[in-house]
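Please keep the sequence and the three-dimensional view at hand while reading.

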Amino acid sequence: SRFWTLGTLQGKIAAAYTFWWVRGLWSSADDRDRRLNETHLKAAVQLLGTMSVLRGAVMKLGQLMAHWPGVAPTEFADVLGRLHFEAPPMHFALLRETVRAELGADPEELFAEFDPQAVAAASLGQVHRARLKGSGRPVAVKIQYPGVARALAADIANLRLLAGPMRLGRDGENIMEQLRDIEAMLGLEIDYRAEADNLRLARATLACLEGVVVPEVHERFSTSRVLTMDWVEGVHVAEYMKSGPGQVERDRAGSLLARSFMRLCYRAHLLYADLHPGNFL
């Protein structure tokens with residue numbers, strides 16, 4: 001089903017660019033450029049819609065395209081940038097059973113307050129605001145989409161099918177090895193216990209770096225498919241840049257990002273490999 005959906009999408013996008021090319025035979029250069037930009041935008045919106053429905057590894061690919069604007073037209077990067085943290089969320093009724101299965105009760109019973117409206121959504125899960133009982137401490141509860149593990153497995157199987165003819169080439173075995181590596185890494189990413197372990201290690205490593213905050217994990221409300229951590233206020237990098245910070249403040253922010261990355265690398269032997277702007281406040 002996912003393979004068919006992607007194949008249909010490719011056909012629609014190919015048809016749109018073919019139509020642009022045919023119309024361009026009788027158009028001026030300015031009209032061709034204008035219609036090309038319109039075609040880029042329509043194709044990007046189609047990609048956004050399909051990737052938002054499929055999620056999983058397909059949405060990860062969209063995030064990659066947005067993170068590296070040179071790979072695709074600027075319109076693609078601008079539209080697909082929403083996939084970092086503004087993807088359309090799933091209805092909470094679909095995620096409630098995940099919370100009950102993982103934590104033993106409905107979220108309204110587990111927390112003093114729980115907002116059923118997601119504040120962020122991405123490729124593997126979405127985030128809800130809540131408050132702990134007793135302390136009233138604000139927390140972020142990340143809940144994995146139902147069936148996302150099966151979706152990832154299906155996407156990898158589709159990639160293997162598409163890459164099958166490449167086995168006959170000189171680099172065939174190398175390509176298959178890379179697919180196995182991607183599958184292993186995505187398997188780790190859907191295990192929130194691994195993410196919690198990385199958070200704890202990063203928090204301890206960066207504790208002495210003033211101005212850097214890593215959220216604390218709350219064990220009681222964290223499992224392989226639910227991760228609860230401190231809620232941290234802030235703005236994303238793009239919004240921060242729009243506020244017009246001075247060069248001194250920009251240098252300070254850039255220095256903190258660079259020092260955080262290098263300290264994790266050289267002190268904790270962690271390579272932070274998801275450096276898109278949606279992961280920083």
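**Helix α9 and its surroundings**

Helix α9, residues 192-206, contains 15 residues and spans 21 Å from its first C-alpha to its last, close to the 21 Å expected at 1.5 Å a residue (the expected span is 1.5 Å times one less than the number of residues). Helices (DSSP runs of H or I, at least four residues) and strands (runs of E, at least two) are numbered from the N terminus. This is a predicted model, in which local features need pLDDT of at least 70 and side-chain atom pairs count only at pLDDT 80 or more, while totals for chains, interfaces and linings use all residues. Residues are numbered from 1 along each chain as its sequence is written, and side-chain values use heavy atoms, without hydrogens and water.

The N-terminal end of α9 is capped by D191, which places a side-chain oxygen 3.0 Å from the backbone nitrogen of R193. Within α9, the buried residues include Y192, A196, L199, A202, T205 and L206. Here buried means under 20% relative accessible area, exposed over 50%, and partly exposed in between, with a 1.4 Å probe and protein chains only. In an α-helix there are 3.6 residues a turn, so residues three or four places apart point the same way.

Turning to the whole protein chain, its secondary structure comprises 11 helices and 5 strands. Of its 281 residues, 36% are buried.

One further residue deserves attention. H269 lies in the segment after α11 (247-267), and its phi is near 60°, a positive value in a residue other than glycine. Most residues other than glycine have a negative phi. H269 counts as exposed because its relative accessibility is 68%.

Note on methods. A polar contact is a pair of N or O atoms within 3.5 Å; within protein, one must be able to donate a hydrogen and the other to accept it, and residues adjacent in sequence count only if both atoms are side-chain atoms.
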